[in-house]
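Here is a short walk through a model with two lettered chains. Please keep the sequence and the structure open while you read.

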Amino acid sequence: MKFALPLLFAAVGLAGAAGTSVWAQDAGKSVWQGIYTGEQAERGSAVYAQRCGACHGAALNGTGEAPALIGGEFVSHWDTMTVGDLYDRVRTTMPQNDPQSLTREEYADVLAFLLKNNGFPTGTQPLDKRSEVLATITITAEKPTGTGG
Amino acid sequence: MKITAILPLSVTAALMLTTAAAAQTPAREGTMAARTTNGVANWTTYNADLKGSRYSPLDQVNAGNFSNLEIAWRFKTDILGSRPEYKLESTPLAVDGVIYTTGGTRRAVVALNGATGELLWQFALHEGKRSAESPRALSGRGLSYWTDGTKRRILYVTIGYRLVSLDADTGRPDPEFGENGVIDLKKDFDQDLGDLDTGEVGVHSAPAVSGNTIIIGAAFREGFTPRTHNNTKGYVRAFDVRTGKRMWTFHTVPKPGEFGYDTWLNKAADVNGNTGVWTQVSVDEELGLAYLAVESATSDFFGGKRPGNNLFANSLVAVDLKTGERKWHYQLIHHEIWDLDNSSAPLLMDVTVDGKPRKVVGLPSKQGFFYVFDRATGMPVWPIKETKVPKGNVPGEWYSPTQPIPSKPPVYARNGVEEKDLIDFTPDLKKKALELTSKYVLGPVYTPPIISTPEKFGVINNWAQGGTNWPGGSFDPETGIAYVYACGACISSTGLLPPPAGLSDIPLVVGVAGQPVVMIKGPGEGAGADSPAAAPAPGAGSGPPRLAVDGLPLVKPPYGTISAIDVNSGTIKWQVAHGETPDFVRNHPTIKAMGGIPRTGQATYQIGTLVTKSLVIAGENQFTTTPDHPRGAMLRAYDKQSGKEVGAVFMPSTQSGSPMTYMVGGKQYIIVPTSGGNASGEFIAYALPGKK
């Protein structure tokens, strides 16, 4: 099968087949390296219950039109993107009827809560509130082998 | 109400500057049929034509070159509203080289140069509270075109339920139509909606325009947790395309004395709502009939406030195009309690059955049945048998003892979830699936909902978003074969609980034992450009188990399919899993240990198909990252005859509506509406490489 993406194919050649996804960035931080704290996820849990749970469900399973925020479908959807992509999507569009109504810290806390529920490990440093910093952390659905954490 | 309009240049003048392909408009009232003249081919209604075909005879893009398609232009819809949209569902129209579409959280209308994607004009109504309160916000499914050979109009319904007529050349409202180009659809509705801002009604679909008649349906809030059973009724109306004057109204919930009123026992027709037509209306211009695919009555899973069969809920109704008078109807589900709204545009097909030419109407459905009727008489082409179905035990519910089940064609999508449907890649997965489902009820189609308890949370089903949803089907008018996407794994669990005080006047709404019962939102509800601040949500507790086993879908593949249904013979000619296997399945350790599995398709309800001279074309709705391509989705082409995939092209985002095709300057384009994940709404136009 052929794809009209010569540049991206070239990029693969450089990146090599690191990890299980040849397209994942193999430099920089990953969600598998403990990028948020347990306390942050706790705070995020409270914010989620107040501002997100009504649509996305108390157990993050989704209701009606609002998708699940847990499980393979959700993580696959963001595979190879960055935490910054997810952060800005949430920050600029959620809650759907009042976007940007949480503080940046609260959005970061909610993200930590989502990461925890999707099985990504906790760490010692809280998730940053700056999109440009979060954009350096890659979401990879599969746990890389041999990278620790 | 404020109007935003950008009028850089008239469409004709703009086209003269950028392309030499401006063709002549034919002198025929109504929409124009697809044709190819001077290198121009049009797509003039949401479904390509009023028969619902989504078919174009173009063949410049074919099996031999599909994979060579490249992006010709992209049009991002972010600026058409106060915030970006992530649910772009509109199918654009193409008329003589100009693209017309709705887009953005404001549901603005734009005209674009079909060869370049350049903005020619933009129009939007700023409706304030009225759009904020709408049950159907966001960009909608599209708009309609009309001409009498001189006048050319674009017609659409705003988020706040106003019908607007615009000059196709300038984007300016037509001063001869309604009040300065606008009709308030909340008025003249044979019912009092009270406050016009908050009165509950809206619609996503594009108006159906035939001759001088515009037909408009209605849609309402999500029916999982309605505030009241006595909400707005979804009457269907027709308006004069020149003046906006109301021509007729069809009462989808009959008034006293009208046919069908007595199918609502205890005068329940007086105090129940919904029963609208939210999908596209199809029209047979020769027979002079409009085909209305009517949705369910309030509420989706509990009908105790509406005993009886509830005509014309869940019926296919043929009405006279000129008068709105009912010619025939067929109720597909009696006393519906499964959220199996009629979702798809009726497909008006000319086929040959048992050696005889037949004019039929086919209707795909959420429940995986493809119903086929003589479209003049309403008689089933193949027997539809009233079949005994299980009676439930929900207190206060009224159950129909039978439901109509078509004998032909065969079921084309999963419509029940039973043990045989559960994941069985390994014995261990099957065992875990059985353990999980021991907390739920399994059953075939029309297994009734239950009261949610800690022992049995609900009925596992593929109802609300399963089978074929709003994108509907498509067909090839030359062969009489319908091509229909269906979701086989859009499963959920449905149980009922009493609502807390103040939430609803219905005794039972959707809920899960152990969880607070909360209001569930509908498509785009509270998400439009004018939406207000959120109310605090109740606290979260521990939920029921996810419907997944070791992170894999609970049900077997295929998760999504395209079926070719031969409506001449009532058989399924071929069926393919549509869509790459999702990453989380393909990369799962168990699947890897098995050495992989055949393509599973993808679970989604947002896929519509496009049919051309030789191909069936549809994109994917989920992002994947595979050894063959980076994160993205594929637009796929299948051979119409065999279902064999003959080409695929990369999309940077996912298909979220139905693709269409047209030609301008001798070049064929395919537009895909895309959105999802971090990618906001964008129309992506594909064409073959080269100047021409």
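Which residue of β20(B) is the bridge partner of Val319(B)? It is Arg326(B). Before going further, a word on conventions: this is a predicted model, in which local features need pLDDT of at least 70 and side-chain atom pairs count only at pLDDT 80 or more, while totals for chains, interfaces and linings use all residues. Residues are numbered from 1 along each chain as its sequence is written, and chains are lettered from A and ligands numbered from 1 in the order in which they are written.

**The hairpin and its sheet**

The bridge between Val319(B) and Arg326(B) belongs to the pairing of strand β19 (residues 315-320) of chain B with β20(B), which is antiparallel and runs over five bridges. Strands here are DSSP runs of E with at least two residues, and helices are runs of H or I with at least four, both numbered from the N terminus. Two strands pair if DSSP finds at least two bridges between them. Another bridge links Ala318(B) to Trp328(B) in β20(B). The hairpin of β19(B) and β20(B) has five residues between its strands, and Gly324(B) there takes a positive phi near 80 degrees.

Stepping back, these strands sit in an open sheet of four, ordered β17-β18-β19-β20 (chain B), with antiparallel pairing. At the edges are β17 (282-284) and β20 (326-331) of chain B, each of which pairs on one side only. From one strand to the next the twist averages 20 degrees. As a reminder, strands of a sheet pair through backbone hydrogen bonds, either parallel or antiparallel.

**Chain B as a whole**

Chain B contains five helices and 43 strands. Its C-alpha atoms fill a box of roughly 70 × 65 × 60 Å along the principal axes. Buried residues make up 63% of the 692 residues in chain B. A residue is buried if 20 or more other C-beta atoms lie within 10 Å of its own, exposed if 12 or fewer, and partly exposed in between, with C-beta atoms placed from the backbone. Of the contacts in chain B with a separation of 6 or more, 65% are between residues 24 or more positions apart; a contact means that two C-beta atoms, placed from the backbone, lie within 7 Å.

**Backbone features in the loops**

Most residues other than glycine have a negative phi, and most peptide bonds are trans. The table gathers some exceptions.

| Feature | Residue(s) | Angle |
|---|---|---|
| cis peptide bond | Met94(A) to Pro95(A) | omega near -10 degrees |
| cis peptide bond | Pro557(B) and Pro558(B) | omega about 0 degrees |
| positive phi | Asp96(B) | phi near 50 degrees |
| positive phi | Asn266(B) | phi about 55 degrees |

Pro95(A) lies in the loop between α5 (83-93) and α6 of chain A, and Pro558(B) in the loop between β33 (552-553) and β34 (560-566) of chain B. Asp96(B) is placed in the loop between β5 (93-95) and β6 (98-103) of chain B. Asn266(B) is found in the loop between β16 (246-250) and β17 of chain B. Are these two residues buried or exposed? Asp96(B) is buried, because 24 other C-beta atoms lie within 10 Å, whereas Asn266(B) counts as exposed, with 11 C-beta neighbours inside 10 Å.

**Chain A: a helix pair and a glycine**

Helix α2 (residues 38-51) and helix α6 (residues 104-117) of chain A pack at an angle of about 105 degrees, with their axes 7 Å apart. α2(A) is therefore roughly perpendicular to α6(A), a label for angles of 65 to 115 degrees. The axes are lines fitted to C-alpha atoms over the stretch in contact, and angles run from 0 to 180 degrees between N-to-C directions. Among the residues making the contact are Ala41(A), Val47(A) and Tyr48(A) of α2(A) and Val110(A), Leu111(A) and Phe113(A) of α6(A). The contact residues divide into seven nonpolar, three polar and four charged; Ala, Val, Leu, Ile, Met, Phe, Trp, Tyr, Cys and Pro count as nonpolar, Asp, Glu, Lys and Arg as charged, and the others, Gly among them, as polar.

Finally, have a look at Gly72(A), in helix α4 (residues 72-78) of chain A. Gly72(A) is buried, with 22 other C-beta atoms within 10 Å. Leaving aside its neighbours within four places in sequence, Gly72(A) is in contact with Gly551(B), Pro582(B), Phe584(B) and Val585(B).

Key: Parallel < 35°, antiparallel > 145°, perpendicular 65-115°, else oblique.
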